[in-house]
Amino acid sequence: MNYKELLESGANVSVTVGLDDLREIFKETVSGLKPESADPQPEEFLSRKEVLALLKIDSSTLWNWEKTGYIKSFPFGGRKRYKLEDVEAIRTGKKGGRHGK
């Protein structure tokens, strides 16, 4: 019986494991793990005023874009915040056409 079968059996036993076997178990476990994201930085959010200033648009334009789904807002403490990534995509022209199509 190998260690996987022993674990799956649910038996309550004491096991003595040799160092080489322990190394092999760790190798198998580590190889089964997913690598973490290369970019562990948290997402940055901007306030409504920051978005208006950065994109040089009127508040009615931002409201319209939000209603049409061109940009998405996220509630934080009763106020709306916008992902910096989304705002930069609009600013640099990497997102949609004139009106998000």
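Modeller: A helix here is a DSSP run of H or I with at least four residues, and helices are numbered from the N terminus. The model is predicted.

Colleague: Which residue just after α3 takes a positive phi?

Modeller: Lys56 does, with a phi of about 55°.

Colleague: Which residues of helix α3 are buried?

Modeller: Buried means under 20% relative accessible area. In α3, residues 48–55, that applies to Val51, Leu52 and Leu55. Seen down the helix axis, these buried residues fall within an arc of 100°, so they line one face of α3. The face turned away from the buried side carries the exposed residues Lys49 and Ala53.

Colleague: What covers the buried residues of α3?

Modeller: The cover includes β1 (45–47), α4 (59–68), β3 (79–83) and α5 (84–91).

Colleague: How many salt bridges does the count come to?

Modeller: Side chains of opposite charge can pair when their charged atoms come close. The count here is four salt bridges. One of them joins Lys83 and Glu43, at 3.2 Å from N to O. Lys83 belongs to strand β3 and Glu43 to the loop between α2 (19–31) and β1, so this pair ties together parts 40 residues apart in sequence.

Colleague: Which residue forms a salt bridge with Glu66?

Modeller: Lys80, with the closest N and O atoms 3.1 Å apart. Glu66 sits in helix α4 and Lys80 in strand β3, so the pair ties together parts 14 residues apart in sequence. Glu66 is buried at 17% relative accessible area, whereas Lys80 is partly exposed at 37%.

Colleague: Where do Glu88 and Arg91 lie?

Modeller: Both lie in helix α5, three residues apart, about one turn of the helix.

Methods
Residues numbered from 1 in each chain as written. Predicted model: local features only at pLDDT ≥ 70, side-chain atom pairs only at ≥ 80, totals over all residues. Heavy atoms only, no water. Buried < 20%, exposed > 50% of the residue type's maximum accessible area, 1.4 Å probe, protein only. Helix = DSSP H or I, 4+ residues; strand = E, 2+ residues; numbered from the N terminus. Arc of directions from axis to C-beta. Contact = heavy atoms within 4.5 Å. Salt bridge = Lys/Arg side-chain N within 4 Å of Asp/Glu carboxyl O.
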